[in-house]
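These are my notebook entries on one protein model. I record what I looked up, entry by entry.

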Amino acid sequence: MQLHKQHRIKMVFLNPNFQNPNGSLLDLERRRRVLEISSYYGIPIIEDDPYSLTAFDKTHVSTLKSMDQNGTVLYVSSLSKIVASGLRIGWIFGPQTVIERLADAKQQIDFGHSIIPEWIATQFLSSEDFSIHMHKLRDSLALNRDKIVFSLYDQLDDQVEFLIPEGGIHIWCKVKEDVSEQQLFKEAIKRGVVYVPGSVFGTQKGYARFTFGRAKEEHIHEAISRFADALRSFKKGK
Ligand SMILES: Cc1ncc(COP(=O)(O)O)c(C=O)c1O
């Protein structure tokens, strides 16, 4: 592979585990290849990994950083999806020199993070409650995932396609029928359902991202039923 100077890539940003929005895992072969290319051309990779600890089957999901022999991966994660987004706590692993420059930049931008959320996070992460919490979180996410998958099969079986996520908080659906994305979104909102239309992520049209992370289990079936009704409204020519 040849990269011409004018096309020089400065950095690659990847979310290999339970990717937002599509919930996929980057396969091992691609991970190896991406790392090879990154170290061959000296292109740093930012591995954005807020979801791997949510793996529903509780197995350890490997990270790109754990395979990185040459220090080209900067690993980033956060408590947002597993503890509380309001804490605004995240972390980064990388070469010392890069971390020092980033710390300096952060200091200049906002004088660094407040110590109080950091203190709360440290207390929680080092307590027994953290692992109890993680067990409960994975179980409840898996329950919500099952519920939304069941509802989609039940109510939209032949009208949508999706990958069943094994972790994370999103399910990414392809609406098979060629309907206006904006119109469908409006019809869904009229019925009290919000989701993120695929175009927000710059994909080809016809996708919807449903987030089941915080949904109450008992609301999921109703929400999908209202979305199905919004989709049906096109057929009725409303
Ligand atoms: C892949 C990914 N990275 C980062 C974030 C943002 O996380 P934070 O709240 O830690 O900024 C999100 C949130 O939706 C996400 O899905």
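**Entry 1: a pair across two strands**

Which residue in E4 does Ser 77 stand opposite? I looked this up and found that Ser 77 faces Trp 91 in E4. I note at the outset that the model is a predicted one. I then examined the two strands. E3 covers residues 73-78 and E4 covers residues 90-93. E3 and E4 run antiparallel, and 4 bridges join them.

**Entry 2: the sheet**

I next traced the sheet to which these strands belong. I recorded an open sheet of 4 strands with mixed pairing, in the order E1-E2-E3-E4. From one strand to the next, I noted an average twist of 20°.

**Entry 3: the largest pocket**

I turned to the open spaces in the model. For the largest pocket I recorded a volume of about 520 Å³. Its lining has 16 residues, and those closest to the centre are Gly 90, Trp 91, Ile 92, Leu 102 and Lys 106.

H2 provides the largest share, 5 residues. By residue type, I counted 8 nonpolar, 5 polar and 3 charged residues in the lining of the largest pocket.

**Entry 4: the second largest pocket**

The second largest pocket has a volume of about 390 Å³. I found 19 residues in its lining, with Val 193, Val 194, Thr 211, Ala 215 and Ala 223 nearest the centre. Two or more residues come from each of strand E8 (207-211) and helix H6 (217-235). H6 gives the most to the lining of the second largest pocket, namely 7 residues. This lining divides into 12 nonpolar, 3 polar and 4 charged residues.

**Entry 5: backbone details in the loops**

I then inspected the backbone. Where does the cis peptide bond at Pro 21 lie? The bond joins Asn 20 and Pro 21, with omega about 15°. Pro 21 is in the loop between strand E1 (12-14) and helix H1 (28-41).

I also looked up two residues other than glycine with a positive phi. For Arg 88, phi is near 55°, and the residue sits in the loop between E3 and E4. Is Arg 88 buried or exposed? Arg 88 counts as exposed because its relative accessibility is 56%, and the cut-off for exposed is over 50%. For Phe 111, phi is near 65°. Phe 111 is located in the loop between H2 and helix H3 (115-125). I classed Phe 111 as exposed too, because its relative accessibility is 72%.

**Entry 6: the record**

Lastly, I consulted the UniProt record. The unreviewed entry places the feature "domain: Aminotransferase class I/classII large" at residues 8-226. In the model, I found that this span is 40% helix and 15% strand. The C-alpha atoms at the ends of residues 8-226 lie 47 Å apart.

Methods:
Residues are numbered from 1 along each chain as its sequence is written. This is a predicted model: local features need pLDDT of at least 70, side-chain atom pairs count only at pLDDT 80 or more; totals for chains, interfaces and linings use all residues. Side-chain values use heavy atoms; hydrogens and water are left out. On a 1 Å grid over the protein atoms alone, a cavity is a set of points where a 1.4 Å probe fits but cannot get out, and a pocket is an open set with protein on both sides within 12 Å along at least five of seven lines; lining residues have an atom within 4 Å of a point. Grid points are joined across faces, edges and corners, and a volume is the space filled by probe spheres set on the points. Ala, Val, Leu, Ile, Met, Phe, Trp, Tyr, Cys and Pro count as nonpolar, Asp, Glu, Lys and Arg as charged, and the others, Gly among them, as polar. UniProt positions are given in the numbering used here, feature names are shortened, and annotations may be inferred rather than shown by experiment. Buried means under 20% relative accessible area, exposed over 50%, partly exposed in between (1.4 Å probe, protein chains only). Two strands pair if DSSP finds at least two bridges between them. Axes are lines fitted to C-alpha atoms, for helices over the stretch in contact, and angles run from 0 to 180 degrees between N-to-C directions.
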